[in-house]
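Here is my note for your first read of this model. Keep the structure open beside it and check each point as you go.

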Amino acid sequence: MYLLAIDWIFIIEKLVLIAAIVTLSMVVAMYATYGERKVAAFIQDRIGPNRAGPFGLLQPLADGGKLFFKEEIIPLASSKFLFILGPLLAMVTALLTSAVIPWGSSMNIGSRVVPLQVADVNIGILYVFGVVSLGVYGIMLGGWASNNKFSLLAAIRGASQMVSYELAMGLSLIAVLMLTGSLQMSVIVGEQYNAVWNIVYQPIGFIIFFICALAETNRTPFDLPEAENELNFGYHQEYSSMKLGFYLFAEYINMFISGVIMATLYFGGYDIPFVNEANLAQHIGENWVALLTFLTLMAKALFFVFVFMWIRWTIPRFRFDQLMHLGWKRLIPLALLNMVITALVILWLKK
Amino acid sequence: MSVQITNRSKPVDRRPMNWVERLYLVNIFKGMAITLKHFFKKKVTIKYPEETRPFSKVFRGLHILNRDEEGREKCTACGLCAVACPAEAITMEAAERQEGEEHLYREEKYAAKYEINMLRCIFCGYCEEACPKDAIYLSQTFTPANYQRKGFIYKKDDLLIPNPVTDPEGYKKALGTISREKEGV
Ligand code: SF4
Ligand code: SF4
């Protein structure tokens with residue numbers, strides 16, 4: 001269907017995909033709050049929320065409803081536009097990263113091959129990094145626009161932490177990029193698809209990446225920007241109602257997306273382990289395989305989300321100087337070393 | 001100078017961290033193993049409205065004023081419970097038993113008014129111990145919540161046990177815990 005020289009079906013296809021992915025991220029984030037509380041409870045020998053619906057499954061809905069009906073306060077001395085822009089930006093940047101992720105192998109609908117990826121740009125991973133670093137603005141704007149010293153301090157803490165850990169994250173990533181030789185997400189997955197996963201070549205790189213991901217998503221042990229209980233609640237101190245909800249929500253979306261990215265970069269993306277997808281496709285059809293690969297990716301990502309929570313309920317928070325020491329004096333040199341060694345090995349093998 | 005209370009105390013290790021420890025990873029993994037173990041442990045939660053926690057046999061809850069088998073109030077308004085009460089929660093007014101009221105009150109003097117302020121009461125059970133007539137007991141129920149302070153001042157009607165003649169089931173139910181206590185089961 002071509003109208004005005006535009007492939008309308010293509011646009012519809014992408015719109016549906018975008019809607020599906022955004023909904024998926026929202027639902028996962030919603031139930032991640034529930035999951036967090038359950039994991040916390042189980043680790044502390046409790047059973048967690050169990051009143052709203054069976055097993056407390058309606059709890060996230062109740063929480064969301066509560067946040068919507070709370071009084072919305074915009075501080076008098078705040079800069080209103082930026083104050084509202086803050087949580088918006090946090091939310092949007094959290095969702096934007098999902099655009100370049102390959103969510104599964106392609107489907108066949110009618111005569112069309114529909115890749116389960118919104119945009120297969122050739123600089124996919126750079127795009128992810130660009131958007132993730134925009135996330136700092138959400139924090140910074142929120143903290144600054146509140147016109148509150150403590151919010152501002154927390155925002156500065158958050159920004160400096162994110163900037164320093166982004167560096168180590170990028171360096172650990174370069175090693176992966178050297179292995180695959182491409183910035184395109186689909187190629188990175190394709191390389192691992194029928195071969196070995198990147199984690200085998202890059203265990204140290206993965207650990208660095210994982211630690212940095214914890215810091216980027218403001219999770220314990222690096223949750224100083226928030227520090228609900230002692231450092232005066234962080235950059236969203238002045239926020240109430242759903243604007244606060246958006247900040248908290250953005251954190252969970254970030255967590256899910258970083259889980260997906262870790263799975264994509266190091267754990268073969270949507271690759272089903274020990275299964276030859278091409279063979280399987282001949283038996284049960286491509287669309288079913290696409291669904292299975294998608295579920296595999298979800299399983300991997302949710303496992304990482306679980307590990308994030310597990311860590312949160314295990315270890316206490318780092319002090320700010322410890323955080324900076326770890327970032328600048330350990331992770332960056334380690335990542336550099338990892339990068340150089342990978343480069344040398346690649347060069348040596350090529351010869 | 002230190003006092004040894006248990007033999008489980010360990011001296012604090014103040015050595016500077018070595019290289020492995022400064023990587024944090026090993027100890028973090030150890031910690032995560034511990035929390036994972038707890039993940040699968042038996043949970044201690046009691047799902048309250050469905051399950052209730054068993055009370056101890058000597059639990060002291062809301063008071064009841066007892067009657068004898070014929071349904072007569074036992075209390076003779078001697079005031080010993082009020083004297084014994086450390087929280088001064090009990091007040092009463094005595095009255096003389098009139099002709100024809102023998103089926104209501106066992107003794108010649110009875111409590112016309114009897115109040116316990118549950119906000120003052122500390123549930124020590126001294127009133128129960130002081131009573132010479134076996135007239136007051138602490139049962140095994142909580143004081144229910146209330147919206148107003150005056151709701152916590154329990155009148156005689158709130159405290160009296162159901163009449164064993166007119167409402168034997170209610171009486172048995174209210175007495176159940178007491179008799180068990182008395183038998184020392
Ligand atoms: S239980 Fe103790 S405090 Fe309460 S009324 Fe009896 S004597 Fe007073
Ligand atoms: S309850 Fe017992 S101690 Fe208190 S006034 Fe009555 S008879 Fe006396």
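1. Across the interface of chain B and chain A, the rule finds 1 salt bridge. The rule asks for a side-chain nitrogen of Lys or Arg within 4 Å of a carboxyl oxygen of Asp or Glu. The partners are A:Arg51 and B:Glu50, at 3.2 Å from N to O.

2. Know what you are looking at. This is a predicted model, where local features need pLDDT of at least 70 and side-chain atom pairs count only at pLDDT 80 or more, while totals for chains, interfaces and linings use all residues. Residues are numbered from 1 along each chain, chains are lettered from A and ligands numbered from 1, in the order written, and side-chain values use heavy atoms, without hydrogens and water.

3. How many residue pairs are in polar contact between chain B and chain A? The count is 8, with both residues at pLDDT 80 or more. A polar contact is a pair of N or O atoms within 3.5 Å; within protein, one must be able to donate a hydrogen and the other to accept it, and sequence neighbours count only if both atoms are side-chain atoms. On the side of chain B that touches chain A, helix 2 (residues 25–39) gives the largest share, 8 residues. That side divides into 8 nonpolar, 4 polar and 6 charged residues.

4. Now the extent of the interface. Chain A brings 20 residues to the contact and chain B brings 18; contact means heavy atoms within 4.5 Å. The two chains bury about 1,800 Å² between them, 71% of it on carbon and sulfur atoms. Buried area is the accessible area (1.4 Å probe) lost on putting two parts together, summed over both. B:Met32, B:Phe39 and B:Lys43 supply 31% of the area that chain B buries against chain A, more than any other three residues.

5. Turn to the aromatic rings. The whole structure holds 24 aromatic pairs over all chains. Rings of Phe, Tyr and Trp (its six-membered ring) pair if their centres lie within 6.5 Å; planes under 30 degrees apart are stacked, over 60 edge-to-face, the rest tilted. A:Tyr165 and A:Phe222 have centres 5.3 Å apart and planes at 45°, so this pair is tilted. A:Tyr165 sits in helix 5 (residues 149–180) of chain A, 57 residues from A:Phe222. Both are buried, meaning under 20% relative accessible area (1.4 Å probe, protein chains only).

6. A:Phe206 and A:Tyr266 pair edge-to-face, at 5.4 Å and 65°. Both residues are buried. They also belong to one aromatic cluster, whose members include A:Trp197 and A:Phe308.

Key
Helices (H or I, at least four residues) and strands (E, at least two) are DSSP runs, numbered from the N terminus. Ala, Val, Leu, Ile, Met, Phe, Trp, Tyr, Cys and Pro count as nonpolar, Asp, Glu, Lys and Arg as charged, and the others, Gly among them, as polar. Buried means under 20% relative accessible area, exposed over 50%, partly exposed in between (1.4 Å probe, protein chains only).
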